[in-house]
Amino acid sequence: MIRAMKSGPLLGGIELGGTKCICLIGTGPDDIRTQISIPTGGDPHSTLRHIEDTLRNGMSIHGPIAALGIASFGPVDLAPHSATYGSITSTAKPGWSNTPVVGRLARAFDVPIGFNTDVNGAALAEGRWGAAHGLSDFAYITVGTGVGVGLVVGGRAVCGFTHSELGHVRIARKAGDTFAGACVFHGDCVEGLASGVAIAARVGVPAERVSADDPAWELVAHALAQLLSILVLATAPKRILVGGGVAASHPELLPRMRALLVESLNGYLDLDRLTGGIDGYVVPPGLASLAGPLGALALAADALGNVSS
């Protein structure tokens, strides 16, 4: 995808996903000069070398980048003073545990580097350019291969001793659901019940091929609505965005989640009064499938701004 060029420092971005990596060069959603997808694979060394070659090739055409953003699947180490900062840690993806992503790419590109989770990156992109523009408190949920939450409070992605892992919270399951769950760590957490991997394990076919009237969606929507309820009660975000491949391929899931959220709250909060209406409160991402890749560019822009300020 090539879009009209605009002025400003040229940025590089890498969305490092569990299935594929997307490399971008540009300045924002209206100026994407290179967008190339490569498989993530099970060999980090080979994948990172492919990423380096892809970015170098793009720079040979469009010029040098001023900063690089990396939005990675996790868990990752975000503690700046940690000996393993910038590494993927205890991931379920075979071969990638303890991979020093930032260290490797910092040696290849001598520019400021912004690093965060893929879902935090997507959230920051939506705040900069998308459906959360102008909001300082919001959440971005991705429902794809896994389930993750980018939580932004006071204009910053929440990060304590590590990033939030709300896709792995345990929930009140729907009565009668005996599926053990697909999460290798927790079984029936939200990710274990509602991710693409979980849906495929439950139904026997990939999530995108499951019909809209399959009874499994009632169980998926129930799990995701429980996650919405947790977010509403914990941080009162001003908007919740729901993206990712499963959500994008099944837009009928969103109305179910809204209705079940209201049912779960049971009148404790009047979301229509507090948020202006449930249909405008739980919404798709404004950047659609580009939220994740543009998250990497948002991280690069922030890294460049931190160096300049």
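Are Phe 73 and Trp 96 buried or exposed? Both Phe 73 and Trp 96 are buried, where buried stands for a relative accessible area under 20%, exposed for over 50%, and partly exposed for what lies in between, with a 1.4 Å probe and protein chains only. The model is predicted, and for that reason local features need pLDDT of at least 70 and side-chain atom pairs count only at pLDDT 80 or more, while totals for chains, interfaces and linings use all residues. Residues are numbered from 1 along each chain as its sequence is written, and side-chain values use heavy atoms, with hydrogens and water left out.

**Overall build**

- The secondary structure of the protein comes to ten helices and twelve strands, with helices (H or I, at least four residues) and strands (E, at least two) taken as DSSP runs and numbered from the N terminus.
- The radius of gyration is 19 Å, close to the 19 Å that the globule rule gives for 309 residues, so the protein is as compact as a globular protein of that length; the radius is taken over C-alpha atoms, and the rule is 2.2 Å times the number of residues to the power 0.38.
- Taken along the principal axes, the C-alpha atoms fill a box of roughly 55 × 40 × 35 Å.
- Of the 309 residues in the protein, 51% are buried.
- Among contacts (heavy atoms within 4.5 Å) with a separation of 6 or more, 64% come from residues 24 or more positions apart.
- The accessible surface, computed by the Shrake-Rupley method with a 1.4 Å probe and, for residues, with only the protein chains shown as cover, comes to about 13,400 Å², of which 55% belongs to carbon and sulfur atoms.

**Aromatic pairs and charges over rings**

- Rings of Phe, Tyr and Trp (its six-membered ring) pair if their centres lie within 6.5 Å, with planes under 30 degrees apart counted as stacked, over 60 as edge-to-face and the rest as tilted; by this rule the count comes to two aromatic pairs.
- The ring centres of Phe 73 and Trp 96 are 5.7 Å apart and their planes stand at 70 degrees, so this pair is edge-to-face; Phe 73 belongs to the loop between strand E4 (67–72) and strand E5 (87–88), and Trp 96 to the loop between E5 and strand E6 (99–100), 23 residues apart.
- Tyr 85 and Phe 115 have ring centres 6.1 Å apart and planes at 80 degrees, so they too are edge-to-face, and this pair ties together parts that are 30 residues apart in sequence, because Tyr 85 lies in the loop between E4 and E5 and Phe 115 in strand E7 (residues 113–117).
- Tyr 85 counts as partly exposed at 29% relative accessibility, whereas Phe 115 counts as buried at 7%.
- A charge sits over a ring if NZ of Lys or CZ of Arg is within 6 Å of the ring centre and within 35 degrees of the ring normal; the charged end of Arg 56 sits in this way over the ring of Phe 109, 5.4 Å from its centre, and that of Arg 128 over the ring of Trp 129, 5.6 Å from its centre.

**Salt bridges**

- The structure holds twelve salt bridges, each being a side-chain nitrogen of Lys or Arg within 4 Å of a carboxyl oxygen of Asp or Glu.
- One of them joins the side chains of Arg 33 and Asp 31 at 3.0 Å, N to O, and both of these residues are buried.
- Lys 238 bridges to Asp 137, with the closest N and O atoms 4.0 Å apart; Lys 238 is in the loop between helix H6 (216–235) and strand E11 (240–243), and Asp 137 in the loop between helix H3 (118–129) and strand E8 (138–143), 101 residues apart.
- Lys 238 is partly exposed, with a relative accessible area of 49%, whereas Asp 137 is buried at 19%.
- Asp 177 and Arg 173 form a salt bridge whose closest N and O atoms are 3.0 Å apart, and bridges that share partners join Arg 170, Arg 173, Asp 177, Asp 188 and Arg 202 into one network.

**Backbone features in loops**

- The peptide bond from Gly 74 to Pro 75 is cis, with omega near 5 degrees, and Pro 75 is placed in the loop between E4 and E5.
- Asn 98, in the loop between E5 and E6, has a positive phi of about 65 degrees although it is not a glycine, and is exposed with a relative accessible area of 62%.
- Ala 236, in the loop between H6 and E11, is not a glycine either, yet has a positive phi of about 50 degrees; Ala 236 is exposed at 51%.
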